[in-house]
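Have the sequence and the model open side by side while reading. The text goes through one chain and then through two places where chains meet.

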Amino acid sequence: MSTHTHELIRLTAAEMAAKLCAGEITSVALTQAHLDRIAAVDGGERGINAFLHVATEEALRTAAEVDAIRAGGGAEAEALHPLAGVPIAVKDLIVTEGQPTTAGSKMLDGWMSPYDATVVTKLRAAKLPILGKTNLDEFAMGSSTEHSAYGETRNPWDVTRIPGGSGGGSAAAVAAFEAPLALGTDTGGSIRQPGAMTGTVGGKPTYGAVSRYGAIAMASSLDQIGPVARTTEDAALLHELIAGHDPKDSTSLTGEVPALAEIVRGADVAGLRVGVIKQLQGEGYQEGVLARFHEALDVLRAAGAEIVEVDCPSFDYALGAYYLIMPSEASSNLAKFDGVRYGTRVLPEDGALTIERVMGSTRAAGFGDEVKRRIILGTYALSAGYYDAYYGSAQKVRTLIQQDFDAAFEKADVLISPTSPTVAFPLGENDDDPLAMYLNDVATIPANLAGIPGLSVPGGLSEGLPVGIQFLAPIREDARVYRAGAALEKLLTKDAEPLWAQAPELAETSEAAAHPAGK
Amino acid sequence: MSEISRADVEHLAKLAHISMTEQELQKMAQELAVIVDSVATVSEAVSGDIHATSHPLPLTNVFREDEVGHVFTAEQSLLNAPDAEAGRFKVPAILDEE
Amino acid sequence: MTDTLTDASPLSFEEALEKFDPVLGFEVHVELNTKTKMFSSAPNAFGDEPNTNVNEVCLGLPGTLPVVNGKAVEYAVKLGLALNCEIAEYCRFARKQYFYPDTPKNWQTSQYDEPIAFDGYLDIELDDGEIFRVEIERAHMEEDAGKLTHAGTSGRIQGADYSLVDYNRSGIPLVEIVTKPIVGAGARAPELARAYVSAVRDIVKGLDISDAKMERGNVRCDANVSMMPKGTTTFGTRSETKNVNSLRAVEHAVSFEMRRHAGVLAAGGTIVQETRHWQEGTRTTSSGRPKSDADDYRYFPEPDLVPIVTTAAWVEELRSQLPEPPADRKRRLLAAWGFSEQEFRDVVAAGLLDEIDETVAAGVSPSVARKWWMGEISRLANARDLEPAALGVEPATISALNALIEEGRINDKIARQVLEHVVAGEGTPEEIVTARGLEVVSDDSGALTAAVEKAMAENPDVVEKIAAGKLKAIGALIGPVMKETRGQADAGKVREIVLAKLGIEG
């Protein structure tokens, strides 16, 4: 890889945008640099495997379009979106015309959506070259990306470890400089937790702030699409681009999208009341994680923030409520995958060929174990006689969680916690223990249950692995998490390199070069 | 209530239309029993007079105008169909009528 | 296999009612005539090429989301008001989950424990004027499923090798109206059944929220029947007969089920709780699939849609838009048309109120309109085993026929012939009369006079009687003249000619 490529890919998206605007670089060169990087580090046995599909031609075509418009000058060039020409990767749970969408599952192997997700339409309108689709736990069910039907993704900080999940692909791609920006989805932490694991920024907008149209549904009342980036400014720019009311999504919010990038640039914490959630620290949290967390609190305090403690007792039930609500809604959302209209159809090996049996064998072959577990669990929780005790009760816990957040936000402007109880663990460690895997989400889940916005920013290293710090704010107050997150980012990088710049060099193995990820 | 047996899983797998071998049924029952045990505690946390929240946001009355939008051609509809005939999706014999 | 008897010969209707009291229940599905579907903006249209009135939402593609058709909600509220229901201040949609190839998401978006309208009633007027109040449990909104066709010799599902699915119908807005159990109808149960469905049809047609053509499936009826031993109050096991798609079929299906239940119960057997199918050919029901109250649909509130909140102001606004209730309209028309009460009731019972109203609007007098619809059109319809309204006769056709008669160009008998040809699709009355040369013989060609002369010559004794003053005897000449003119003589004109020839003033 040339030095030039090496430098280009390490710029922030904001810096790339500035250079594109100033004519210092072309989008084609920028996009090609990223495609080269993907070819160098993504494939092969020890490659990152962040990408399930690389859209070389389409991305370069968009890049060339942008360059042409810029070169032409005039009103059209003026009208270009600030991020035009900056490449981006999209989690393979979000549908894209012209690129396959697999949801990390055999069920949708090779499936080509005939329509674009609303957020993708926005990316295309703003002319961001879409580099490709990133890996994920199958149907977003997981916290490590180990449940993808297309192989695991590796953490660029240590390729023997998980990058987090379900959106490990997007986070790893950004951490490994394969893309400056990516889109993810967050149902219980699937953007924020990988952000923490890979030393990147991951945001979950207020529920309804970003259209869900075109995001393959997992848990409809919890899912949100959000930004993945290396800096809070980059995340803010992307958030502004994708947010906004969508008439095709009935749960979509109306109202203006706040000027988040501006807020990031002016961010400080003087006078900000920061609430530490009692239930989201202590037992189950690694020492190193807690150490970085307390350092973050110290830094904030020194900069003028008021640190208070808030007590949210219902959070002890959040994990239970989540693992009832989410599988219930997901079991319903995944019923449409039956081999009738699209996707895989697998015939039973023997016996009568009836549609019931074909559905049964298709779903048996198309879904992985974790997905089946959650479908069965969800079916159970909704079934007659169990609804009240399970799904019904979980929805009540949701009310309690909202009430606890409401009370907490009386005392604090933002809440803070470690994003995840642990740093990235080794691949294969939690294979036999689904319950242990679920515990990864304990700090991120409450925000999804309440619909409030959350942002994870890098908070330093523990044993050489990134630790994430999570900020939470009331519904529609996304600006607050960006303000607090950006302020902390500034404070932590005052005298030190940003964390993303400290990521270890990835070996450009001949293997990786010989087996590029251009699937 | 937090026991989930192999027979339960068999019934649920039928409802969910996922074929499972005997081995899979047993393994699933074991795994789920552990999970169900831990999530069942939520029913203790709530009493009768807490209302359920099915949406994080108090949106209501979201409607659209009764105006025709885009449609697919038959080709587009059937583009990804595993099997089709005469402009329709083709499925093997249906046993149970609705 | 159990030892329990579940099948036996049906009793006669009289015997059945001697021993048992029927309890009825109806689920009527009304297809709304909005421009677009319930949750997607694909067209709500009939009869187009398969899978062309769909988009990604109604195919249930991954990532798609529903958006509620506001017009459909309005229509549902209006229907609820017309059924004297309370309108829910707050209600939601729910997912009813089951796997079936005609259901693209493998759930139907419906309403479960929060219907938009509930606790209403309809006063049904039976043929003899007796009024029976049917209580309405609820009316709720839901979406229709796609259409399955089965490949196999019978076209039926059993034994088919494969099936084909067309999703054009998938997602079309439906309102399902559910009655409370209907008790005490006794022998009038079949009649009540027909009258109830007819009344619902009248209402939705009057509201202009549905095309209301049962033969097109715009209004579908599932009839639930059970029988309990006379004098008891515990309801028996019920059976449900699905998709009964004409008024006469509703009446016959209820009657048959009453007799069938009675037969089984009288023989000491038990009724299987099941879904049955109406067989028009044999006028019986056949066994379908066992209906289990334990069908687990795993209902839960639809998370992709938000609740509906109705305000009193909005409901009143919709109420003010309701047209004249059918009962009021009937009273008005009865007075305007001048029929006897029995004549009017017969018209209503035949389901021809609208047709006659439209025909009157097309310029025909009420009594003539009634004569056509209750007479010839009904006769033709019965012969084809159709409802008169389903025969396809337009009010304009009646108006045209009537005009031809009044002009003297055809007589009544010819007009009836012409009607048959119209129904056969040969064109308008004018076109048919011309093409087939059916015009009454006028005397321009002298043919009529010649025919009269011939008849007079061949029937001298009749002529004598006429000449002697027995003018009624002219009738005996009409036959021969008609024969001679192949029916195309105007009787009045014949009479004129005869009288003129005999020099008599008539």
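A salt bridge is counted when a side-chain nitrogen of Lys or Arg lies within 4 Å of a carboxyl oxygen of Asp or Glu. The model shown is a predicted one, and in it Asp304(C) and Arg212(A) form such a pair, with their closest N and O atoms 3.0 Å apart. Across the interface of chain C and chain A the rule finds 1 salt bridge.

Chain C has 506 residues, and 53% of them count as buried. Its secondary structure comes to 16 helices and 18 strands. The C-alpha trace of chain C spans about 90 × 55 × 50 Å along its principal axes. How do contacts within the chain relate to the sequence? Taking contacts between residues at least 6 apart in sequence, 68% join residues at least 24 apart.

Does the length of H2(C) agree or disagree with its number of residues? At 1.5 Å a residue, its 13 residues should span 18 Å, and the end C-alpha atoms are 19 Å apart, which agrees. H2(C) is mostly covered, with 10 of its 13 residues buried. Among them are Val73(C), Tyr75(C), Val77(C) and Leu79(C), and also Lys78(C). After the helix comes Asn84(C), which has a positive phi, near 60°.

An α-helix has 3.6 residues a turn, so residues three or four places apart point the same way.

Now return to the place where chain C meets chain A. The contact takes 31 residues from chain C and 37 residues from chain A. The size of an interface is often given as the accessible area lost when the parts come together. For chain C and chain A this area is about 2600 Å², with carbon and sulfur atoms giving 60% of it. There are 17 residue pairs in polar contact between the two chains, both residues being at pLDDT 80 or more. Strands E5 (94-97) and E17 (300-301) of chain C each supply at least two residues of the side that touches chain A. By class, that side of chain C has 19 nonpolar, 6 polar and 6 charged residues.

Chain A also meets chain B. Here 54 residues of chain B and 60 residues of chain A are in contact. The buried area is about 4800 Å², 71% of it on carbon and sulfur atoms. The count is 1 salt bridge, in which the side chains of Arg373(A) and Glu31(B) meet at 2.8 Å, N to O. The rule finds 12 residue pairs in polar contact, both residues at pLDDT 80 or more. Helices H1 (6-15), H2 (22-39) and H3 (42-45) and strand E3 (88-92) of chain B each give two or more residues to the side that touches chain A. H2(B) gives the most, with 10 residues.

Note on methods:
Residues are numbered from 1 along each chain as its sequence is written. Chains are lettered from A and ligands numbered from 1 in the order in which they are written. This is a predicted model: local features need pLDDT of at least 70, side-chain atom pairs count only at pLDDT 80 or more; totals for chains, interfaces and linings use all residues. Side-chain values use heavy atoms; hydrogens and water are left out. Contact means heavy atoms within 4.5 Å. Buried area is the accessible area (1.4 Å probe) that two parts lose on being put together, summed over both. A polar contact is a pair of N or O atoms within 3.5 Å; within protein, one must be able to donate a hydrogen and the other to accept it, and residues adjacent in sequence count only if both atoms are side-chain atoms. Helices (H or I, at least four residues) and strands (E, at least two) are DSSP runs, numbered from the N terminus. Ala, Val, Leu, Ile, Met, Phe, Trp, Tyr, Cys and Pro count as nonpolar, Asp, Glu, Lys and Arg as charged, and the others, Gly among them, as polar. The expected span of a helix is 1.5 Å times one less than its number of residues. Buried means under 20% relative accessible area, exposed over 50%, partly exposed in between (1.4 Å probe, protein chains only).
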